[in-house]
Each structure stands twice: as structure tokens, then as C-alpha cells.
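User: Please take me through this structure by way of questions and answers.

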Amino acid sequence: MKLQFNADLDFQRDAINAVTDIFEGQDTLQTNFR
């Protein structure tokens, strides 16, 4: 099975926004972990 991404499709853009909105307002932490 091959997945194809097209950001011009509204339902795919909505899915991206749903995932990225989870992290909205979270502080960015800097660590020295490598």
C-alpha cells in the first residue's frame, strides 16, 4: 500500500491541522540530549 499526500486536498489539510493543533500553546523545551 502506498500513501500519497496532497496538501491541496481539504480533508488532508484538516487532518494535518488537527494533529498540529494539539501542540499549540505548549512551551518549547531545550535539552542537551543527543
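User: Leaving aside its neighbours within four places in sequence, which residues is Q12 in contact with?

Analyst: This is a predicted model, in which local features need pLDDT of at least 70, side-chain atom pairs count only at pLDDT 80 or more, and totals for chains, interfaces and linings use all residues. Residues are numbered from 1 along each chain as its sequence is written, and side-chain values use heavy atoms, with hydrogens and water left out. Contact means heavy atoms within 4.5 Å. On that basis, and with neighbours within four places in sequence set aside, the contacts of Q12 are Q4, F5, N6 and A7.

User: Is Q12 buried or exposed?

Analyst: Q12 lies in helix α1; helices (H or I, at least four residues) and strands (E, at least two) are DSSP runs, numbered from the N terminus. Buried means under 20% relative accessible area, exposed over 50%, and partly exposed in between (1.4 Å probe, protein chains only). Because its relative accessible area is 16%, Q12 is buried.

User: How far does the backbone oxygen of Q4 lie from a polar atom of the side chain of Q12?

Analyst: Q4 is among the residues in contact with Q12. From the backbone oxygen of Q4 to a polar atom of the Q12 side chain, the distance is 3.4 Å.

User: Why does I22 count as exposed?

Analyst: I22 is found in the segment after α1 (10–20). I22 counts as exposed because its relative accessibility is 59%.

User: Which residues form a nonpolar patch on the surface?

Analyst: Like charges are joined within 9 Å, and nonpolar side chains (Val, Leu, Ile, Met, Phe, Trp, Tyr) within 5 Å. Accessible areas come from the Shrake-Rupley method with a 1.4 Å probe, and for residues only the protein chains shown count as cover. With about 340 Å² of accessible area together, the patch consists of V19, I22 and F23.

User: What is the relative accessible area of R13?

Analyst: The place of R13 is in helix α1. R13 is partly exposed, its relative accessible area being 36%.

User: How many helices and strands does the protein chain have, and what share of its residues count as buried?

Analyst: The protein chain has 1 helix and 0 strands. Of its 34 residues, the share that count as buried is 3%.

Note on methods:
Patches are made of residues with over 30% relative accessible area and no salt bridge: like charges are joined within 9 Å, nonpolar side chains (Val, Leu, Ile, Met, Phe, Trp, Tyr) within 5 Å. A salt bridge is a side-chain nitrogen of Lys or Arg within 4 Å of a carboxyl oxygen of Asp or Glu. A polar contact is a pair of N or O atoms within 3.5 Å; within protein, one must be able to donate a hydrogen and the other to accept it, and residues adjacent in sequence count only if both atoms are side-chain atoms.
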